[in-house]
Amino acid sequence: MERVAKIDSQGIVVEHVYKSFGKENVLKDVSLEIKPGQIFGVVGNNGSGKTVLMKCICGFMKSDKGKIYVNGSRIGYDCDFPESLGIIIETPGFIPTYSGYKNLKILASLKGLIGKNEIKKTIERVGLDPNMKKPVSKYSLGMRQRLGIAQAIMENPKVLILDEPFNGLDKTGVVHMRGLIKDLKEQGKAILLASHNTKDIEELCDKVHDMEDKW
């Protein structure tokens with residue numbers, strides 16, 4: 001069995017990663033590094049590989065070739081899933097008959113890292129009312145998206161994977177969430193961000209790469 005040493009680098013390191021589905025090559029020799037306190041943007045049309053790259057980093061998919069490290073641990077060798085990682089990929093899934101707070105309370109109980117006060121503060125931070133009894137099934141798309149961002153950040157992870165985090169938000173919500181992401185950057189988070197909105201990328205990202213360019 002291959003012996004793999006951890007690396008010292010925090011954040012995300014992707015080295016020469018490939019991923020294919022049948023004859024379709026989705027990721028071709030992808031390499032990138034996202035350091036703490038940095039936002040790395042990925043852009044490209046649907047099917048260009050943005051979400052596949054994110055799922056490989058999270059450990060949800062296994063790459064065909066290459067190495068991926070998160071906070072110094074190699075995914076698939078040192079660990080199956082990264083520690084201290086917050087994720088919003090595609091449409092957030094919640095129990096529709098429960099309130100937003102109850103959904104986050106259930107998720108938080110899996111690791112036991114935070115209590116009700118931290119959960120409520122996070123819900124307020126994304127612009128929702130933690131005491132609202134309305135079930136998630138009655139939430140607007142924007143409210144559901146805010147709740148998805150809350151679940152990604154509530155345990156204060158070192159690394160964030162944000163796939164189209166502004167979906168469904170109105171202009172006020174987008175401005176609010178851009179400010180929140182800037183705050184998270186200032187706190188030293190390493191953030192990988194995908195957005196179809198050019199202004200999101202231009203305003204937030206330190207580095208940007210088009211997934212349809214040759215890596």
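**Sheet and nonpolar cores**

Student: In this predicted model, which residues does Val126 touch, not counting residues up to four places away in sequence?

Tutor: Contact here means heavy atoms within 4.5 Å. With residues up to four places away in sequence left out, the partners of Val126 are Arg146, Ile149, Ala150, Ile153, His176, Met177 and Leu180.

Student: Which residues have the most contacts inside the largest nonpolar core, and which element supplies the largest share of this core?

Tutor: The largest nonpolar core has 34 residues, and those with the most contacts inside it are Leu104, Val126 and Phe166. At least two residues of this core come from each of α2 (100–109), α3 (116–125), α4 (141–153), β7 (159–163), α5 (171–186), β8 (190–194) and α6 (198–204). The largest share, six residues, is supplied by α4.

Student: How many residues does the other core have?

Tutor: This core lies apart from the largest one, and Val30, Phe40, Ile89 and Ala190 are among its members. Its residues number 28.

Student: Why is one side of β2 and of β5 left without a neighbour in the sheet?

Tutor: Four strands form an open, antiparallel sheet in the order β2-β1-β4-β5. One side of β2 (24–34) and one side of β5 (73–74) lack a neighbour in the sheet because these strands stand at the edges, each with a single partner strand.

Student: Which residue in β5 is the bridge partner of Val70?

Tutor: Strand β4 (residues 65–70) runs antiparallel to β5, and two bridges join them. In β5, the bridge partner of Val70 is Ser73.

Student: What angle does the direction of helix α1 make with that of β2?

Tutor: Helix α1 (residues 50–58) packs on the sheet, where it touches β1 (12–21), β2 and β4. Its direction and that of β2 make an angle of about 60°.

Definitions and conventions: Residues numbered from 1 in each chain as written. Predicted model: local features only at pLDDT ≥ 70, side-chain atom pairs only at ≥ 80, totals over all residues. Heavy atoms only, no water. Pairing = 2+ DSSP bridges. Axes fitted to C-alpha atoms, helices over the stretch in contact; angles between N-to-C directions. Core = buried A, V, L, I, M, F, W, Y, C linked by side-chain atoms within 4.5 Å. Buried < 20%, exposed > 50% of the residue type's maximum accessible area, 1.4 Å probe, protein only.
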